[in-house]
Amino acid sequence: MKQPVTYTLYHPKWYRRPMSTYWWTKRWRYLRFILRELSSISVAWTVILLLLLINSMGDEAMYAGYLDWLQSPWLVVLNAFALVFLLFHTVTWFNLAPRAMAVRLRGKRLPDWAVAAPNFIAWAVLSAGVVWFVLKGV
Amino acid sequence: MARRSIEPLLWSLFSAGGVVSAFFMPVLIFLFGIAFPLGLIEAPGFQSISELIKHPITRLVLMVVCIFPLFHWAHRFRFTLYDGLQIKHLNEVIAVVCYGGALFGTVLAGYLLWNIG
């Protein structure tokens, strides 16, 4: 018995269930993922703040104007949000380290916290260094 | 020969930017965005901060802290738009806006850091 065979020019498309645009609101895990990805906006915003700071180094008045501008309440609120997102980014980023590499010591795999910990220590040291240099100058 | 993909390079920039922003950005936004405006800590005077920023090493550090995080943003934001909003058909436009924005920021950072004061 012979079946009639039809050939199509292209590979057929499998049926895929359409996904809602708001799929990421369905579960806390998904929402957390999107919020983590959105932390990149805070990163870009911080770069903008830095560029404005560098730009204000022209003279004393420009720097005073920059500090003055930073005092506007809406900006403080915005920056507080940005800080939360940046902390979220930092913590999730450092906690990825043990997922990205399995460190072995004498044949035994180091626990996750031991791989992530040095990141957090380095973070504390670098942050303290930044505070020191910004406040005390060179 | 197959055309080389630029994706690994973009991912490396994303990754480097992720590290740099994880280390440096929380403290920076805390100082300039919250602590100084609210008067929790007194902001450094112009003399002190301009000397710091004009220092060659600081300029180099600032260059790194601006450029890599910009590409980090570009890459991550691009895929957030793809996945979150499912607008894959705008592929080219989004990529141009994201990486173009990062390139623009890179040039701007270079220009500003070169011509301080």
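The model is predicted. Chain A and chain B bury about 4800 Å² between them, and the contact takes 58 residues from chain A and 54 residues from chain B.

**Contact between the chains**

- Of the area of about 4800 Å² that chain B and chain A bury between them, 79% lies on carbon and sulfur atoms.
- On the chain B side, the residues that lose the most area to chain A are B:Phe23, B:Phe46 and B:Arg76. Together these three make up 15% of what that side buries.
- Seven residue pairs are in polar contact between chain B and chain A, counting pairs with both residues at pLDDT 80 or more.
- Four elements of chain B each give two or more residues to the side that touches chain A: helix 1 (7-38), helix 2 (46-54), helix 3 (56-85) and helix 4 (91-114).
- Helix 1 of chain B supplies the largest share of that side, with 21 residues.
- By class, the side of chain B that touches chain A consists of 37 nonpolar, 13 polar and four charged residues.

**Salt bridges**

- Side chains of opposite charge can pair when their charged atoms come close.
- A:Glu37 and B:Arg76 form a salt bridge through their side chains, with an N to O distance of 3.4 Å.
- A:Glu37 also meets A:Arg36 in a salt bridge, at 3.0 Å from N to O.
- The pair of A:Glu37 and B:Arg76 crosses between chains, from helix 1 of chain A to helix 3 of chain B.
- A:Glu37 counts as buried at 8% relative accessibility, and B:Arg76 counts as buried at 4%. A:Arg36 has a relative accessible area of 24% and is partly exposed.
- B:Arg78 is buried, with a relative accessible area of 8%, while B:Glu7 counts as partly exposed at 30% relative accessibility.
- Salt bridges with shared partners join A:Arg36, A:Glu37 and B:Arg76 into one network.

- A:Thr90 is found in helix 3 (residues 73-100) of chain A.
- A:Thr90 has a relative accessible area of 0% and is therefore buried.
- Leaving out residues up to four places away in sequence, A:Thr90 touches A:Trp123 as well as B:Ser21, B:Ala22 and B:Pro26.
- A:Ser72 is found in the loop between helix 2 and helix 3 of chain A.
- A:Ser72 counts as buried because its relative accessible area is 18%, where the cut-off for buried is under 20%.
- The side chain of A:Ser72 reaches the backbone oxygen of A:Trp69 at 2.5 Å.
- A:Arg106 is found in the loop between strand 1 (104-105) and strand 2 (108-109) of chain A.
- Most residues other than glycine have a negative phi. A:Arg106 is not a glycine, yet has a positive phi of about 50°.
- A:Arg106 is exposed, with a relative accessible area of 83%.

Terms used:
Residues are numbered from 1 along each chain as its sequence is written. Chains are lettered from A and ligands numbered from 1 in the order in which they are written. This is a predicted model: local features need pLDDT of at least 70, side-chain atom pairs count only at pLDDT 80 or more; totals for chains, interfaces and linings use all residues. Side-chain values use heavy atoms; hydrogens and water are left out. Contact means heavy atoms within 4.5 Å. Buried area is the accessible area (1.4 Å probe) that two parts lose on being put together, summed over both. A salt bridge is a side-chain nitrogen of Lys or Arg within 4 Å of a carboxyl oxygen of Asp or Glu. A polar contact is a pair of N or O atoms within 3.5 Å; within protein, one must be able to donate a hydrogen and the other to accept it, and residues adjacent in sequence count only if both atoms are side-chain atoms. Ala, Val, Leu, Ile, Met, Phe, Trp, Tyr, Cys and Pro count as nonpolar, Asp, Glu, Lys and Arg as charged, and the others, Gly among them, as polar. Buried means under 20% relative accessible area, exposed over 50%, partly exposed in between (1.4 Å probe, protein chains only).
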